[in-house]
Each structure stands twice: as structure tokens, then as C-alpha cells.
Amino acid sequence: MTKPLEGIKIIDFTHVQAGPACTQLLAWFGADVIKVERPGSGDVTRNQLRDIPDADALYFTMLNSNKKSLTLDTKKPEGKEVLEKLIRESDVLVENFGPGALDRMGFSWERLNELNPKMIVASVKGFSDGHHYDDLKVYENVAQCAGGAASTTGFWDGPPTISAAALGDSNTGMHLAIGILTALLGRDKTGKGQKVAVSMQDSVLNLCRVKLRDQQRLERVGYLEEYPQYPHGEFSDVVPRGGNAGGGGQPGWVLKCKGWETDPNAYIYFTIQGHAWEPICNALGKPEWIADPAYKTAEARQPHIFEIFKTIEAWLADKTKFEAVDILRKFDIPCAPVLTMKELANDPSLRASGTIVEVPHKKRGSYLTVGSPIKFSDMKPEVTASPLLGEHTDEVLAGLGYSQQDIFNLREVKAV
Ligand code: COA
């Protein structure tokens, strides 16, 4: 089966998570992704949090599937020469080095554009160019703090909180992938490459859009009626942390189910969607609430929403999270069990859809990873193992016209 990005050659000069997540996605969709890594060590994640001695860590294998690995010391003249050849015949170069690293290596945007005016140069940085923090190196949690996620996540009586979801890393990589695909379409029209830049702060903030909405509402009216602080608590002049409250017009909360005393994940998320109020009352055995003016409208319910949640918890006390959802789904109530990583890893639906996949690996045996979350009617992205360090060095160099002797010489000077 041909894939839409077949024929697109990508120099993957990325490491850790943000850049690799982007290039992995493009590789699933058919791009020829060549990961350029420092000889001897490679991407730092190959060694981070290893669970099997001498085998690439899961951190690496889960972010670098479907790629080739070329080892190249791009600070040595011989390595630079190889990289230049690769640049001349590639469509995209993706990088997420610290600020200025590519320039220091001698590959500024101007130089890259001179070497290949059709090439798209895509970068992830912590902050955007010209930002007063644009000299900072940034990791996931730093970005979550800088992008507004931490100040708005968690409980009001606790500190700012980091999300387990990689809002700074993988999310930024997804933004970059959209930028690259857009620039490729643009190139079809203009024949020219361009620079695509995404900052982690901007990408986090983009997902915190509704919190910027709330800041403006707060400044206008002084309160936020869907937050737990309303109407009994206090609001300051900044958006507070709202615990597990729903972010829009639908109040919701994480509620205890049978077994919560011993199982930290025996919970469901329950949403009280306006039009579902009647079915909710019927499901709970509280038909008297349907017409009661104290419960009838969302506005009337809000002052005692936690009393309503308590009633729902009493109803949930003899039901597991799965049993509860099976009942509530019949009443068209938006809800879900709080699923653990163990439950997700073994979920038959996720296995069947290719969202959780088992990948054979030369050194590890097989490992689980998250496959493409994007599904297509005409293409099923297949996940293949991440490459061993330098696994494709000879193949890539031969493709660039280097002879066996040239490759031997490059090894002698430790450029590959
Ligand atoms: N050959 C020779 N040198 C290489 C090389 C290669 N194949 N690949 C990388 N290098 C060098 C770079 O030239 C650079 O050298 P220099 O600093 O002497 O100029 C160095 O290795 C890499 O530096 P840097 O990217 O700053 O790595 P770091 O480990 O100090 O910092 C980050 C890591 C992630 C903090 C930093 O890369 C960063 O802020 N990136 C942008 C934001 C980002 O993507 N963060 C999220 C990562 S999930």
C-alpha cells in the first residue's frame, strides 16, 4: 500500500520527545525519516530509564519507530560534508536543539536555505524567537508552567500542578507536524521551502485557550460560575485551579465508585449535561428532582452541585466503574471510567484499532507502544521497530554515493 508521504525525505535532527514525536508521526504516514545521531551515544533517551541492560530504553523505542538511524558527527568537517549532501536531496529538516545550537554547528537557516532552497526547516524551541526567554533550554514541565497549564491545573488549596499528558513535548511535536505538512503544500504552489517554528510555550497555551477565555470573563464579571469556587468561595483576579470541574457549560466531577477505599482508580467522570438532567434523575431514582425548581435548571443546580454529586456517589457505592458506565450509557449520559495504564494496555478495542500495538524489536523482544491516533479510510499506518544506533549508516551513506572505502575512511576519523 503506498502511503501519502512516500517520497518525502526528512532529516530528523531531533532528540528527547518533542521533535521525535513529530517525525515519528510523519514516518508512520510514509516519509523516509533519517535520524541523525551522535556516534557512540545517539539520542540521550536511548539510555534513559532503561528497563533492560544494553537495550534501548522504551523512552526511545516508543518515539522513534519507523525511522532509520545514521550516526554522524556534524561538528567534524567530514560529518558536515555528509550532512550537506543529505540536505541537498531532502525535503525537510526537523530539529529541536537548544537555542543557537544549529547556528553554532554552521547550519543557520540562511545556510540551509542556500544549500537547498526547496527544503523546509522545522524547529521546536522552548520559547518563540524574540521572546524575552528565547535563550532558555526547556523541558516538558517547564513548558507546562510557561504556557499556563500549571497555574490552572490541580486543586485550589494545592500548588500549581503538572499534567501527565505531554502538553509541552508531544503536543508541540504535533503542532510542528501540522506546520511541516502545511509548508509542504505551500511548496507545491511556490516551489520554495520555508522555516517553520513552533515553541513549546505557544503550543501549551494553544491548548489552554479556554483558560484565557476564563481570564477575560473573570475580569468582566468577577466570578466563573462553572468553577467549584462559585458561589460560596472567593475569586481573585486570576483564573483559579478548578480541580476536576468541567471546563465548559457542563458541570462534571470525578466520582467514587465501589472499591475506591482500596483502588485509587475506582472512579468515573460524570458530566451533568443540561439536556440529560431528566435521564440522570431517572437513573438515580430521583424523579422528584426533574420538576423541582431547586434542581430544574443548570443555574438552580450550581449552588448545590456538590450535594448532587454526593447523591450520585451514594448511587455509585455498590457499582464498579465499569458497571456504572454500562448503566449510565443507556441514559445517554456522557461519562467514562478512570482508566489505568494497565487497563489501557490490555484494552481489546485499542488493540483492534491499532492505537495500542506490540512491536517486535531486535534487542528487546517485543514492546508496547501507542500507534497512530489518526485513522484513515485508505491507509493503515504500520508501526515498525525503532532503529538501533547507526543501524542504517552504511545504507544511507551508500545512497549518497559513498563507496565502501569512503565509509571506512569516515569511520577512521570517527565521523560516523
Ligand atoms: N554531532 C555533533 N554534535 C551534535 C550532534 C551530532 N550528531 N547532535 C547534537 N550535537 C550537539 C549540538 O551541536 C549541541 O552542541 P553545542 O551546545 O556545543 O552547540 C549539543 O549537541 C546539543 O545541545 P542541546 O540541544 O542544547 O542539548 P542539551 O542536552 O543541553 O539540552 C534540551 C536538551 C532538550 C533542553 C534542548 O535541546 C532544548 O531546549 N531544546 C529545545 C526545546 C525542546 O525541544 N525541548 C524538549 C525536549 S523533549
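1. Alanine 18 is found in helix 1, which covers residues 18–28. Helices (H or I, at least four residues) and strands (E, at least two) are DSSP runs, numbered from the N terminus. The model is predicted: local features need pLDDT of at least 70, side-chain atom pairs count only at pLDDT 80 or more, and totals for chains, interfaces and linings use all residues. Residues are numbered from 1 along each chain as its sequence is written, and side-chain values use heavy atoms, with hydrogens and water left out.

2. Is alanine 18 buried or exposed? Alanine 18 is buried, at a relative accessible area of 3%. Buried means under 20% relative accessible area, exposed over 50%, and partly exposed in between (1.4 Å probe, protein chains only). Not counting residues up to four places away in sequence, alanine 18 touches Asn96, Val124, Asp169 and Gly173. Contact here means heavy atoms within 4.5 Å. Proline 99 sits 81 residues from alanine 18 along the chain, and their C-alpha atoms are separated by 15 Å.

3. Now the rest of helix 1. In this helix, 11 of the 11 residues are buried, so helix 1 is largely enclosed by the rest of the structure. The buried residues include Cys22, Gln24 and Trp28. An α-helix has 3.6 residues a turn, so residues three or four places apart point the same way. Just after helix 1, glycine 30 takes a positive phi of about 115°.

4. Next, the ligand. How many residues surround the ligand? There are 22, and the closest are Arg38, Lys75, Gly98, Lys137 and Val138. A residue is near a molecule or strand if one of its heavy atoms lies within 4 Å of it.

5. For lysine 137, the distance to an oxygen atom of the ligand is 2.4 Å. For arginine 38, the distance is 2.7 Å. For histidine 15, the distance is 3.0 Å. The ligand taken alone exposes 940 Å², and the protein buries 84% of that. These areas come from the Shrake-Rupley method with a 1.4 Å probe; for residues, only the protein chains shown count as cover.

6. Glutamine 201 has its place in helix 8, residues 200–207. Glutamine 201 is buried, with a relative accessible area of 16%. Which side chain does glutamine 201 join by a polar contact? The partner is histidine 131, at 3.2 Å. A polar contact is a pair of N or O atoms within 3.5 Å; within protein, one must be able to donate a hydrogen and the other to accept it, and residues adjacent in sequence count only if both atoms are side-chain atoms. Leaving out residues up to four places away in sequence, glutamine 201 touches Gly126, Phe127, His131, Ala146 and Gly147.

7. Leucine 49 is found between strand 2 (32–37) and helix 2 (58–61). Its phi is near 55°, a positive value in a residue other than glycine. Aspartate 54 is found in the loop between strand 2 and helix 2. Aspartate 54 has a positive phi of about 65°, although it is not a glycine. Leucine 49 is exposed, with a relative accessible area of 78%. Aspartate 54 counts as exposed at 60% relative accessibility.

8. Check the cis bond. The peptide bond from tyrosine 230 to proline 231 is cis, with omega near -5°. Proline 231 lies in the loop between helix 9 (209–221) and strand 7 (252–256).

9. Strand 10 (residues 356–361) pairs with strand 11 (residues 365–370) in the antiparallel sense, over 6 bridges. Two strands pair if DSSP finds at least two bridges between them. Strand 10 and strand 11 form a hairpin with 3 residues between them. Valine 357 stands opposite threonine 369 in strand 11.

10. Finally, the whole chain. The secondary structure comes to 17 helices and 11 strands. The domain assignment gives domain 1 (9–206 + 346–413) and domain 2 (252–333). Such bounds come from an automatic or database domain assignment. The centres of domain 1 and domain 2, taken over C-alpha atoms, are separated by 43 Å. Along the principal axes, the C-alpha atoms fill a box of roughly 85 × 45 × 40 Å. Of the 416 residues, 46% count as buried.
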